[in-house]
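Thank you all for coming; I would like to take a few minutes to walk through one structure. Please have a look at it on the screen first, and then we will go through its parts together.

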Amino acid sequence: MQSLNSKYKWPTLVLGKYLVQFRELPTGVEGFPGDQFASRVAFEQLLIDRVDSLGTADTMELTFDISSNILNIQYIVISVCTALAGFLIVKHLFGSKARLPPGPLGLPVIGHLHMLGSAPHQSLMAMSEKYGKIMRLRMGVFPTVVVSSPDLAREVLKVQDQHLASRPHFESGKILAYDNQSTSLTPNNDKWRFMRKVITTELVSAKRIEQSKVTSLTQDFQFSLLLADVFFPSFYSHLQSIRREELLNTIEDILSDGHKGELVDFDAKLTALVLNQTTRFNFRRRYYGTKRKDIAEGAEAFQALVKEIGGTSFFFPGEFFPFLMFLDLGGVEARMRKLAHTADQFYSSILASHRNKDGSYIYKETLDQDFVDVLLACQRENNSDISDEMIKAAIQDVIIASSSTSSATMLWTLAELMRHPDMLRRVQKELDTVVGKNRLAEESDLVNLEYLRAVIKETFRLHPVLPLLLPHQSDVDVQIGGYDIPAKTRVMVNTYAIGRDPQVWEDPLEFNPDRFLNSPIDVKGQNFELLPFGAGRRMCVGYNLGLMTVENGLAQLLHTCDLNLPEGMSPKDVSMVEVSGASVTRSEVLQLRVTPRLPAHVYTQAGMSI
Ligand code: HEM
């Protein structure tokens, strides 16, 4: 067999790699599976066949997820350069008499990085079965503890919450998130609390926040919040109408594709739905293209940007060996800098569109204000504390945090329902009983859709899209599970392992929504066996918007559309294979046949032409 290296010019990233995972299709190679290959030989042969059949030029640009596949050559460089530093750090941190959690034997310098594989949550679950529900690991130079039981999750996210609510410093966040100024990456400080309050007040809450409750911020920040609060009521009702409008747009689009006899690409439709909702909340623009006429200029570039930043993994060499960042192994840093520059130009243009030419703020009536207006208003009142960079980081954070998570959850739920047609019928029967067939579902119906909500909880249990949450970090020495955890240790909660633990759930691998009927277990951070949004101070700040998006989106879809698998495909063929990036998604696109299931006048009355 011909060697790939001899035949094609090959990106450095691939040299020396045996396991490679595609994040994107090579340009022009249709239907190339986002798959992993057991060996280099199989991988190379497949590529050679594909490239030959296309007759492309001898250089191809490919994008790889290097999350777990840190190159052998890089390991060698890292090992030589860091042996001494690693030894000293480990000796300093673990050389004391502290009672540390157990853990597998790691390699010198790299620690346990090589054990993470392409799906770290799965590898860590397997390791916890062997080494225990609390494990000590080392990711490069960083001591890390992973917990995998509800009791230990409670200790991390509730009992020791105040000491574990910080975040580690991320090298990727330094480049891509304005020096870790985004809400999700900022350490536990006043600015982080401020951003959480503004998001809660302006984007995701149904209630006004009483000024008296704001006690932990500086006076200036309190004033800014008061200001934000004034804008709130009208903005909230406006958000509700945006949600509905975008949802009906999407359903019209889906039904129109279905009517033409085309298979509907649910990945594309639901990603567009959530992204459009989010960009409209933030800066009143639809940015993600759909087939409708009102596609904003630059939609495709923006779509690519969000996808790439959202898909940028924390798992690359410089993240675990920060003092080697300057070597830029694999060229990851250069790629991130380019991406950050493009993103910054985009956010600068958004800010500019909210200001006059001389930089002064364009005054708008309260009703016309979007999230960027609110942040700029806070900036005007508190100039030195809220920088443009902080605002840009906040916008990016909300877009990425909300878009990939909500659409991925909807897709996992739909895939489970397509695998279980009896459950799909039961959800639709419930919708017909609660809503009927003569009107569309409303957000207010959700409370009565008990079975649908059970299906969604069961999906969260088996397919949490952020299975390890985001890494927490201890500010001080703490104890978890009777073990000593030194300050500055990274702490992860493996919610995926908890969701599949036979000591916690009966028949844990079975998709059985009935387990949640008449059960007090909810997803709102009170029940540590089910933590799709985390819990405590760092819990997802957008959980009720995320939940509303998922529940309402699925209710409308399943009520208005009959869904069927493509001809010749049976329920057991629906793949549940995962791809791990910034969030965990299905590896296959969900394509379905769609027909309307309500009388024509219901769609017409809602303004849809199908
Ligand atoms: C189904 C949808 C969603 C899921 C499953 C989800 C899940 C999560 C999880 C697991 C975390 C990490 C919690 C931790 O580290 O302990 C998180 C953080 C976060 N989420 Fe969400 N999320 C969703 C939707 C949203 C939405 C709609 C927003 C928009 C406002 C949002 C904004 C954030 C932010 C800003 C953080 C960082 C919070 C902090 O560090 O203080 N999320 N989310």
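Before I come to the sheet, let me say that two strands are taken to pair here if DSSP finds at least two bridges between them. What you are looking at is a predicted model, and in the protein there are 20 helices and 13 strands.

With that rule for pairing in mind, 3 strands form an open sheet, in the order β5-β13-β10, with antiparallel pairing. The edges are taken by β5, residues 264-265, and β10, residues 561-564, and each has a single partner strand, so one side of each is left without a neighbour in the sheet. Between β5 and strand β13, which covers residues 591-596, there are 2 bridges, and these two strands run antiparallel; aspartate 265 is the residue that stands opposite glutamine 591 in β13.

Let me turn to the interior. Of the 610 residues of the protein, 43% count as buried, and the largest nonpolar core has 122 residues, with Val147, Ala153, Val156, Leu375 and Leu411 making the most contacts inside it. Which helix gives the most to this core? That is helix α15, residues 388-419, which contributes 17 residues.

Helix α15 has 32 residues and spans 47 Å from its first C-alpha to its last, which is close to the 46 Å expected at 1.5 Å a residue. Because 29 of its 32 residues are buried, α15 is largely enclosed by the rest of the structure.

Helix α14, residues 371-381, is also largely enclosed by the rest of the structure, because 8 of its 11 residues are buried; among them are Phe371, Val372 and Leu375. If we leave aside its neighbours within four places in sequence, leucine 375 is in contact with Val198, Ile391 and Ala394. On contacts across the whole protein, taking those with a separation of 6 or more, 72% are between residues 24 or more positions apart.

Finally, the ligand. There are 28 residues around it, of which Ser402, Gly534, Cys540, Gly542 and Gly546 come nearest. The elements that give two or more residues to this shell are α8, residues 190-204, α15, and α19, residues 543-560, and the largest share, 7 residues, comes from α15. By class, the shell around the ligand holds 16 nonpolar, 9 polar and 3 charged residues.

Technical notes
Residues numbered from 1 in each chain as written. Predicted model: local features only at pLDDT ≥ 70, side-chain atom pairs only at ≥ 80, totals over all residues. Core = buried A, V, L, I, M, F, W, Y, C linked by C-beta atoms within 7 Å. Buried ≥ 20, exposed ≤ 12 C-beta atoms within 10 Å, placed from the backbone. Helix = DSSP H or I, 4+ residues; strand = E, 2+ residues; numbered from the N terminus. Contact = placed C-beta atoms within 7 Å. Expected span 1.5 Å × (residues − 1). Near = placed C-beta within 6 Å. Nonpolar A, V, L, I, M, F, W, Y, C, P; charged D, E, K, R; others polar.
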